[in-house]
Amino acid sequence: MDDFPFLSKIESPADLRALDRENLPAVADELREFLIQGVARCGGHFGASLGAVELTVALHYAFNTPEDWLVWDVGHQSYGHKILTGRRDQLETIRRWGGLAPFPERHESPYDSFGVGHSSTSISAALGMALASRNAGKPCKSVAVIGDGGLTAGLAYEALNHLGVSEADVLVILNDNEMSISPNVGAMSRYLTRLLAGSLYSSVRETGQRMLSSVPRVKKFAMRMEGQLKGIILPAGMLFEELGVQYFGPVGGHNVLGLLDVIEQMRDQTGPRLLHVITQKGKGYEPAEGDPVGYHAVPIFDPEIGVEKKGSSGGPTYTQVFGEWLCDQAAADPRLMAITPAMREGSGLVRFEKEYPDRYFDVGIAEQHSVAVGAGMACAGAKPVVAIYSTFLQRGYDQLVHDIVVQELDVLLAIDRAGMVGNDGKTHVGAFDLSYLRCLPGMVVMAPSDENECRKMLTTGYLHEGPAAVRYPRGKGPGAEVEKTLEPIPIGKARKVREGKEIAFLVFGSLLDQVAPIAEELDATLVDMRFVKPLDVECLNEVAGAHSLLVTVEDNVVAGGAGSAVSEALDLNGSVRLLQLGLPDHYVEHGSREEQLTAVGLDTEGIRKSVTEHQA
């Protein structure tokens, strides 16, 4: 730590606040360099935290954390926050098994006042904290830092709508870096751009307040004129103030002393207020400044070179299989329209956007809207495909139930990141989708065991007239050759992979590869069930009649999952035993997907052990 003379002595924000403010630019420089070097060695979220360095330093210097509440939105911005709050020497463990959580997490530190992972919760949480503290007679400052696209989600506006009438002491920091993971989209992005262009209003307002503060009568008149001034100079600036939230800014976010001056002024005020701060994603590291999308999250890299672009080794990922299928299906059917809630890269839609821009719709971080707009498209005769992560579909569940399933609309859900997701941890785990999908009337739910099955199922779901879902895991599959045809498979029909005796493995999805060696060892029957709904009941009855033990395997929680569906479908009458293997009734910590599967007994050795113990 010799290269970080200030940072090495900061074990908590109290140590930071003990420094002379003239030293803060040096602290910010050291923090940025430490971030670059640390993330280069461990990988992780990168660009957003670099852009929030000065803001992080200024906030912890100005506010008495953790007694004052500091709520980070999403968490991509929070690596600097973790470093300044006693976790500096653990940074290289972030996102690893047993290491620091990838996002703020309450059990990890008292400075993580609210756990996050999904976006746009910060204003709601900070408001709740402020209201509860006020009611308890223990007023404190409550700050929400929203950014990285968080203001594109409807939840943020629900919170602002309440905040404006609450009279609560909440400061919202809008960290505007013009990005989420992909470039921001929609009217809010254009609105914030107009605010930046209209910064004359802020300049006039601040100068006028200083000049008139000693002339009360003139100041009172000027305040009455302020609303008219806004309408003349900055019409777009009325939105927040009309909601009852006083707007300040925009201000630059990379001059730590200037930013601190503004934040301290805002701190000493009361009531609902919003400070608009302009930052640059990836600030201070040239490759990240030039490619903020590519440097949103990074693998281990050499900071002298940057992240090297490597060709894909082996077969395609499931995400790539979906992206290729989507383009092929769009070429075959002009009715296809693709929707993503701000996950163009993550869901594999980059090529589709280029080839079919008129049929590509990025709705921003608005999962509920992505599902509902798909329902509307289906009503008008289109064939919408909603590409969404399993964990994000949880936000759109009400729309799935009421807007798609109740109306029996023709919408295909392509559900990525099903099961264990690895380093992003429990906020992003796709452990529940089989349970919350299979209970919906008329829903077709498929889980592919390999890449080729995934393509076939996507075609099957697309051609099916009604709601359908294909859920697939993160990363690569077993390496099956992917056929380029657009051929469906029969709905509700399983695929017997191996015929055996005594034991039958009924596998739903991507764990078939882990089970296959055990089936060989035990001379067991192996069935790729394919469909969670509708189940192949004919196959189930046949297998149950010929085996003494059925073992269901899925990368979904056991509670209400595919194994439960088998139990409900069969009248076992004690003649055959049923062992349900899946994810446990607790969250699994972050780490690699392989480490997570081992921890819950869903690797080959773990499955073998469970079956052996059940036979004893």
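Predicted model: local features only at pLDDT ≥ 70, side-chain atom pairs only at ≥ 80, totals over all residues.
Local features need pLDDT of at least 70 and side-chain atom pairs count only at pLDDT 80 or more, while totals for chains, interfaces and linings use all residues. Residues are numbered from 1 along each chain as its sequence is written, and side-chain values use heavy atoms, with hydrogens and water left out.

Start with helix H5, residues 79–87. Helices (H or I, at least four residues) and strands (E, at least two) are DSSP runs, numbered from the N terminus. Of the 9 residues of H5, 8 are buried, so the helix is largely enclosed by the rest of the structure. Buried means under 20% relative accessible area, exposed means over 50%, and partly exposed lies in between (1.4 Å probe, protein chains only). The buried set is Tyr-79, Gly-80, His-81, Lys-82, Ile-83, Leu-84, Thr-85 and Arg-87. These residues pack against helices H1 (13–17), H2 (24–42), H3 (47–51) and H4 (53–62), and against strands E1 (44–45) and E2 (69–72). Contact here means heavy atoms within 4.5 Å.

The loop between H4 and E2 holds Pro-66. A cis peptide bond joins Thr-65 to Pro-66, with omega about 5°. Pro-250 sits in strand E5, residues 246–252. Most peptide bonds are trans.

Next come helix pairs. Two packed helices are described by the angle between their axes and the distance between the axes. Axes are lines fitted to C-alpha atoms, for helices over the stretch in contact, and angles run from 0 to 180 degrees between N-to-C directions. Helix H6 (residues 122–135) packs on helix H7 (residues 154–166) at about 30°, with axes 8 Å apart. That makes H6 roughly parallel to H7. Angles under 35 degrees count as roughly parallel, over 145 as roughly antiparallel, 65 to 115 as roughly perpendicular, and the rest as oblique. From H6, the contact uses Ile-123, Ser-124, Leu-127, Leu-131 and Arg-134. From H7, the partners include Leu-155, Ala-159 and Leu-163. The contact residues divide into 8 nonpolar, 3 polar and 1 charged. Ala, Val, Leu, Ile, Met, Phe, Trp, Tyr, Cys and Pro count as nonpolar, Asp, Glu, Lys and Arg as charged, and the others, Gly among them, as polar.

Helices H16 (residues 367–379) and H18 (residues 397–405) pack at about 5°, with axes 9 Å apart. H16 is thus roughly parallel to H18. Gln-368, Val-371, Ala-372 and Ala-375 of H16 meet Gln-399, Leu-400, Asp-403 and Ile-404 of H18. This contact has 5 nonpolar, 2 polar and 1 charged residues.

Now the loops. Leu-349 lies between strand E8 (336–340) and helix H15 (350–355). Leu-349 is buried, at 0% relative accessible area. Its C-alpha is 5.8 Å from that of Gly-323, 26 residues apart along the chain. Not counting residues up to four places away in sequence, Leu-349 touches Phe-322, Leu-326, Ala-338, Thr-340, Arg-344, Tyr-360 and Ala-387. Pro-292 occupies the loop between helix H13 (286–290) and strand E7 (297–298). Pro-292 is buried too, at 19%. The C-alpha atoms of Pro-292 and Gly-47 are 6.2 Å apart, across 245 residues of chain.

Finally, phi. Most residues other than glycine have a negative phi. Arg-417 has a positive phi of about 60° and is buried at 13% relative accessibility. Asp-523 has a positive phi of about 50° and is partly exposed at 30%.
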